[in-house]
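Hi,

Here is the structure I promised to pass on. Have a look through it first, and then read on for what turned up.

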Amino acid sequence: MRLGVACLALLLAACATEPMRRVALDQGCASSVAQLIAHPAFVPDAAKPKLKPKQAQFADYAACVERDGTRTGAALFRIDQVAPPSTLTLTIVSDSRGTLAARIELLDADFNPVRSHGFDDFVRRGMQYTLDMFHNVGDPPIRYLLVSPDPARVGGVDQHFGAQTQTLFVGTGYYNHGVESVSSRPLGDAGTLIVSVRPQGSAPLKY
Amino acid sequence: MRFNFATAAGLMAVILLAAGCASVPPQQAFNREAADIHSIRVLPMAESEIGLAFLNHPGANFGLIGGLVAASDISSKENKLQKQMAASQLDHLAVFREEFAAAMQAQGYTLTWSEPLPAKSKVARDRWGLRKAYGAVEGVDAQLDLSLNFVGYATSGAGDASPYRPAVHLAARLLDPAGKQNLFTDVLTYNNITNIPTAITVNPDPRFAYPDFEQLEAAGADVATGMKVALEETAKRLSEQF
């Protein structure tokens, strides 16, 4: 019994402290974005509105790629499952272990950049950062979305203000006490993200 | 002691949001490239006053009597805060309107404001203050429904670890002139003390934080300056969504 409790405690402790994985840049590195595996973006299913996108670490999708003589982690996503007009959404989850300061490039079928967005274009929403991008009819064709760390923001700090209620149990009752919570989280080259594409006019995703 | 129902309703809304009783309305990002919009009519807004949000008031732990004591304490502090703002001649609607109009103009949008801006007429609104139904407007490319749900100072509890900071909470929806097509809907919080998970979140300016109400009172005109900064930043961030 005691051994079981100890194992459970160790397991929980291990889960809680699992570090955010980073992309290894000191091993094999692709020489172009075209060599990266293109992962499918999440597409909501109108028939299954409760189906939620999977949150995954950037390192689960990304690999090392050398661009302009610099090695960086980059994740390639295929976003052509939905024909224009479509809405692409990248969600970065703020995490005490690290928040990805992401940079986005939208690429055509030949991996040429069509447009790009730095981390400053993201909208901060509670414990998330989101960026909505529209692919309208008549826009230059876009087939891929490339996510990589934004060097201009890596090393920064993500500060979050909120309120916390602390409950003290006193006898048969309890006492609620509120305090402000301020957390500072590092912006870096690792973190959790969700990439989705949906037809324009369809309901936004719920997480 | 004066008890203001509009402020009380705003405070209640903040508390309900804090309790997680309301989900954010379906958010719609603005597709600027697909919309040919240059002129926007801002619909009449609901009346609003400077408020005080006090989450986790100690009195609320002691049943009905404690709750009444808490309500009385909050109302008293709120009245003092309103007088302090009035002494500084802060017109929160004017500050927001001027900054938002300028920021939108810089992006190529001309706003036409309803006069008077805060309307006394009864309009059916949802829990986020947005209208439940829209009519048609003429002479503009779009209509904007704005709801300043809370403007004032907020604290997460009693004690030095819960400073009073400026807070603004608003909801906005942009529609076509016919009032049929939702072009944009979102919620924005300056100082997200209620932990609304997916609202556009703006961190409060650290210069304006008061460990207790006495220090807030002693700060005099700085309190109104903090409110003005919060409103200007809120207006600017909202304009960036278009």
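This is a predicted model: local features need pLDDT of at least 70, side-chain atom pairs count only at pLDDT 80 or more; totals for chains, interfaces and linings use all residues.

Let's start with helix α5 of chain B. Quite a few residues of α5(B) are buried, among them B:V223, B:A224, B:G226, B:M227 and B:K228. Further along the list of buried residues in α5(B) you'll find B:A230, B:L231, B:T234, B:A235 and B:L238.

What does α5(B) pack against? One partner is helix α3 of chain B, residues 92–106, while α5(B) itself covers residues 221–239. The axes of these two helices come within 8 Å and cross at roughly 35°, and the crossing is right-handed. On the α3(B) side, the residues that meet α5(B) are B:H92, B:V95, B:F96, B:E99, B:F100, B:A103 and B:M104. The residues of α5(B) that meet them include B:M227, B:L231, B:A235 and B:L238. By class, this contact between α3(B) and α5(B) has nine nonpolar, two polar and four charged residues.

The buried residues in α2(B) are B:I74, B:E78, B:L81, B:Q84 and B:M85. Just after α2(B) comes B:Q89, with a positive phi of about 55°.

Most residues other than glycine have a negative phi, and most peptide bonds are trans. Here are two further exceptions on phi, and then one on the peptide bond.

- B:N56 isn't a glycine, yet its phi is positive, about 55°. B:N56 sits in the loop between β3 (50–54) and α2 of chain B. Is B:N56 buried or exposed? B:N56 has 24 C-beta neighbours inside 10 Å, and 20 or more makes a residue buried, so B:N56 counts as buried.
- B:N191 also has a positive phi without being a glycine, near 70° this time. You'll find B:N191 in the loop between β8 (182–190) and β9 (200–202) of chain B. B:N191 is buried too, because 28 other C-beta atoms lie within 10 Å.
- Over in chain A, the bond between A:P84 and A:P85 is a cis peptide bond, with omega about 5°. A:P85 belongs to the loop between β4 (70–78) and β5 (86–93) of chain A.

A:Q200 and A:P85 are 115 residues apart in sequence, but their C-alpha atoms are 5.6 Å apart in space. A:Q200 lies in the segment after β14 (192–199) of chain A. Leaving out neighbours within four places in sequence, A:Q200 is in contact with A:P85, A:S86, A:T87 and A:F134. With 16 other C-beta atoms within 10 Å, A:Q200 is partly exposed.

As for chain A as a whole, it has two helices and 14 strands. Of its 207 residues, 32% are buried. Among the contacts in chain A with a separation of 6 or more, 78% are between residues 24 or more positions apart.

In soluble globular proteins, nonpolar side chains tend to be buried together. The largest nonpolar core here has 54 residues, and B:A53, B:L144, B:A167, B:V168, B:V187 and B:L231 touch the most other members. Strand β6 of chain B (residues 142–155) gives the most to this core, eight residues. B:V168 touches B:F150, B:V151, B:Y190, B:A230, B:L231 and B:T234, not counting residues up to four places away in sequence. There is also a second, separate core of 38 residues, which includes A:A101, A:F119, A:Y144 and A:V195.

Last up is where the chains meet. How many residues does each chain bring to the contact? Chain A brings 23 and chain B brings 29. On the chain A side, β13(A) gives the largest share, six residues. That side of chain A is made up of ten nonpolar, nine polar and four charged residues.

Cheers

Terms used: Residues are numbered from 1 along each chain as its sequence is written. Chains are lettered from A and ligands numbered from 1 in the order in which they are written. Two residues are in contact if their C-beta atoms, placed from the backbone, lie within 7 Å. Helices (H or I, at least four residues) and strands (E, at least two) are DSSP runs, numbered from the N terminus. Ala, Val, Leu, Ile, Met, Phe, Trp, Tyr, Cys and Pro count as nonpolar, Asp, Glu, Lys and Arg as charged, and the others, Gly among them, as polar. A nonpolar core is a set of buried Ala, Val, Leu, Ile, Met, Phe, Trp, Tyr and Cys residues joined through C-beta atoms within 7 Å. A residue is buried if 20 or more other C-beta atoms lie within 10 Å of its own, exposed if 12 or fewer, and partly exposed in between; C-beta atoms are placed from the backbone. Axes are lines fitted to C-alpha atoms, for helices over the stretch in contact, and angles run from 0 to 180 degrees between N-to-C directions. A crossing is left-handed if the near helix is turned anticlockwise from the far one by less than a right angle, and right-handed if clockwise.
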